[in-house]
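Dear colleague,

Please find below the structure that I am handing over to you. My notes on what was found in it follow directly after.

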Amino acid sequence: VEALPAPVRTGFPPGFVWGAATAAYQIEGAAAEGGRTPSIWDTFSRVPGAVRNGDTGDIAVDHYHRWRDDLALMADLGLGAYRFSLAWPRIRPGGRGPANEAGLEFYDRLVDGLLEHGITPVATLYHWDLPQELEDAGGWPERDTAYRFAEYAAIAARRLGDRISTWTTFNEPWCSAFLGYGNGVHAPGRKDPVDALTAHHHLLLAHGLGTAALRAELPAAAQVSLTLNLAAVRPLTDAPGDLDAARRIDGLANRIFLDPVFHGRYPADVLADTAHLTDWSFVHDGDLAEISRPIDSLGINYYTPTVVAADPTGTAPRQDGHQGDSPWPADRGIRFLPAEGSRTAMDWPVDADGLYELLVRLRDDLPGLPLLVTENGAAYEDYCDPSGDVHDPERVAYLRGHLGAVRRAIEEGAPVKGYFLWSLLDNFEWAYGYSKRFGIVHVDFASQRRTPKDSARWYAQVMRTGELPD
Ligand code: GBH
């Protein structure tokens, strides 16, 4: 018998997890049904001018009622895993008191349906929908909120932990702290750099307390994770001022999370850079031990890189396509620039190398820690042709480029175990409302009709074959 030639490795490793992601407030709607109480996004979206066109998540894409259809869509695509978030104000309305049976039942049915279709559920506990009552009591700058989060985590794990084996405490706590309390572009819309830093610490404390609560309720084999929107920071030049700007933003975007979570300390340069704002006395004895409890993987959300340069005058307007005032505490003397390249409908530059750089850096900084790309994707205008088909060639090109970057990083030894595309469905894009579409499935927001785009067919082929077609 002739020996078979060794297979040529052009694709992704066997066992690679192929998924897509959503978040509760962005898709569920049914804001006042099943015992759900308002979250900070229900309140914030009613503040005039906060969300484009005055849009709210009241109805969103009505997933709360259409989950069965959405499950069928996922099954048709051949999705391996589905990353979604649980709504705290459904599971524990008001953030305190008894669990809400109707809320738990909704996720029960969803998870059972996923498992029936052979789709692995990956649950995030917090994707930005804090119960309004907890904001009224001070929100994330209030330490007590972290303890309430741990109680909610325990309730969710007790009920769903027999069927969900991968749990994420937080999605992008940077956004909750720095957009929620720093520049106020996200709910609850507060603007104070000290509140933002205090919120940041309490979000991490909640991550640690939540991790402990999950471990206490879940089977030993369950995986606990955290998803960060780490920045691929690039200095504009290698002039010392630009390099220092990059060090400072790397501190405030990346090391302010990675050092406490994985090494049990805050970075000394970040403490120094923010010393004129706060003495960090909100960090109590024992907090860093809590925050650095071991976790099983790290989730990375990546969209576009962050290019910075020195701004000696301290007056440069931001040019990087993001909304609002600067969210960064202590960023005087730093200017933000767009990367080269084409732009998505968000005006975010397309640059897949940033994802590669980030994954390779994490390979080196956190040796052996499994990595998951928990979000990556792009908003574009879709072209609907008269037959009703929806064409999105730019999205296919974006995904192909970024999946290529993931594959290169894996070849270079980065332990990337899976990829979750953002997003399964067009949905409520936070401060942009329904004006931006990230889905691989088009949603007509009036009729709620779902139509898979060309990118959905392309991604289905990738998932089926584990290869990137031309
Ligand atoms: C993700 O966050 C969310 O998890 C998801 O819900 C959302 O729909 C998706 O991305 C698409 O937006 O210039 O300093 O103000 C968004 C990631 C990170 C993008 C922070 C905007 C602003 C950086 N965001 N970024 S800044």
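**Findings: aromatic pairs and the annotated site**

Phe-16 is buried, its relative accessible area being 10%. Please keep in mind throughout that this is a predicted model. Trp-18 is likewise buried, with a relative accessible area of 8%.

A search of the whole structure gives 36 aromatic pairs. One of them joins Phe-16 and Trp-18: the ring centres are 4.8 Å apart and the planes stand at 65°, so this pair is classed as edge-to-face. A second pair, Tyr-266 with Trp-280, is tilted, with 4.8 Å from centre to centre and 55° between the planes. This pair links distant parts of the chain, since Tyr-266 belongs to the loop between α10 (240-263) and α11 (268-273), while Trp-280 belongs to the loop between α11 and α12 (287-291), 14 residues apart. Tyr-266 is buried at a relative accessible area of 8%, and Trp-280 is buried at 7%.

There is also an aromatic cluster, formed by Tyr-25, Trp-41, Phe-44, Trp-128, Phe-428, Trp-430, Tyr-434 and Phe-445.

**The annotated residue and its strand**

Which residue does the UniProt annotation "active site" cover? According to that record, an unreviewed entry, the residue is Glu-375. Glu-375 is located in strand β10. With a relative accessible area of 5%, Glu-375 falls under the 20% limit and therefore counts as buried.

Apart from its neighbours within four places in sequence, Glu-375 is in contact with Arg-83, His-127, Asn-171, Glu-172, Ile-300, Asn-301, Tyr-302, Tyr-303, Phe-420 and Trp-422. With Arg-83, the side chain of Glu-375 makes a polar contact of 3.0 Å.

The strand that holds Glu-375 is itself largely enclosed by the rest of the structure, because 5 of the 5 residues of β10 are buried. Strand β10 has two parallel partners to report here. Strand β7 (residues 297-301) pairs with β10 in the parallel sense over 4 bridges, and Ile-300 stands opposite Val-373 in β10. Strands β10 and β13 also run parallel and are joined by 3 bridges; here Leu-371 stands opposite Val-416 in β13.

**Two helices**

Helix α9 (residues 193-217) has 25 residues, which at 1.5 Å a residue should span 36 Å; the C-alpha atoms at its ends are 36 Å apart, in agreement. Of these 25 residues, 18 are buried, so α9 is largely enclosed by the rest of the structure. At the start of α9, a side-chain oxygen of Asp-192 comes to within 2.7 Å of the backbone nitrogen of Val-194.

Helix α14 (residues 393-411) passes the corresponding check: its 19 residues should span 27 Å at 1.5 Å a residue, and its end C-alpha atoms are 27 Å apart. Its buried residues include Arg-395, Tyr-398, His-402 and Ile-410. The buried residues of α14 pack against β1 (17-21), α13 (353-365), β10 (371-375), β13 (416-422) and α15 (454-465). Just after α14, Gly-413 adopts a positive phi of about 95°.

**Backbone features to check**

Most residues other than glycine have a negative phi, and most peptide bonds are trans. The following places depart from that pattern.

- Ala-187 and Pro-188 are joined by a cis peptide bond, with omega about 5°. Pro-188 is found in the loop between α8 (173-179) and α9.
- Trp-422 and Ser-423 are also joined by a cis peptide bond, with omega about 15°. Ser-423 is in the loop between β13 and β14 (441-443). Trp-422 is one of the residues in contact with Glu-375.
- Trp-128 sits in the loop between β3 (120-126) and α6 (132-136), and at 6% relative accessibility it counts as buried.
- Trp-430 lies in the loop between β13 and β14 and is buried, with a relative accessible area of 4%.

Yours sincerely

Methods:
Residues are numbered from 1 along each chain as its sequence is written. This is a predicted model: local features need pLDDT of at least 70, side-chain atom pairs count only at pLDDT 80 or more; totals for chains, interfaces and linings use all residues. Side-chain values use heavy atoms; hydrogens and water are left out. The expected span of a helix is 1.5 Å times one less than its number of residues. Buried means under 20% relative accessible area, exposed over 50%, partly exposed in between (1.4 Å probe, protein chains only). Contact means heavy atoms within 4.5 Å. UniProt positions are given in the numbering used here, feature names are shortened, and annotations may be inferred rather than shown by experiment. A polar contact is a pair of N or O atoms within 3.5 Å; within protein, one must be able to donate a hydrogen and the other to accept it, and residues adjacent in sequence count only if both atoms are side-chain atoms. Two strands pair if DSSP finds at least two bridges between them. Rings of Phe, Tyr and Trp (its six-membered ring) pair if their centres lie within 6.5 Å; planes under 30 degrees apart count as stacked, over 60 as edge-to-face and the rest as tilted.
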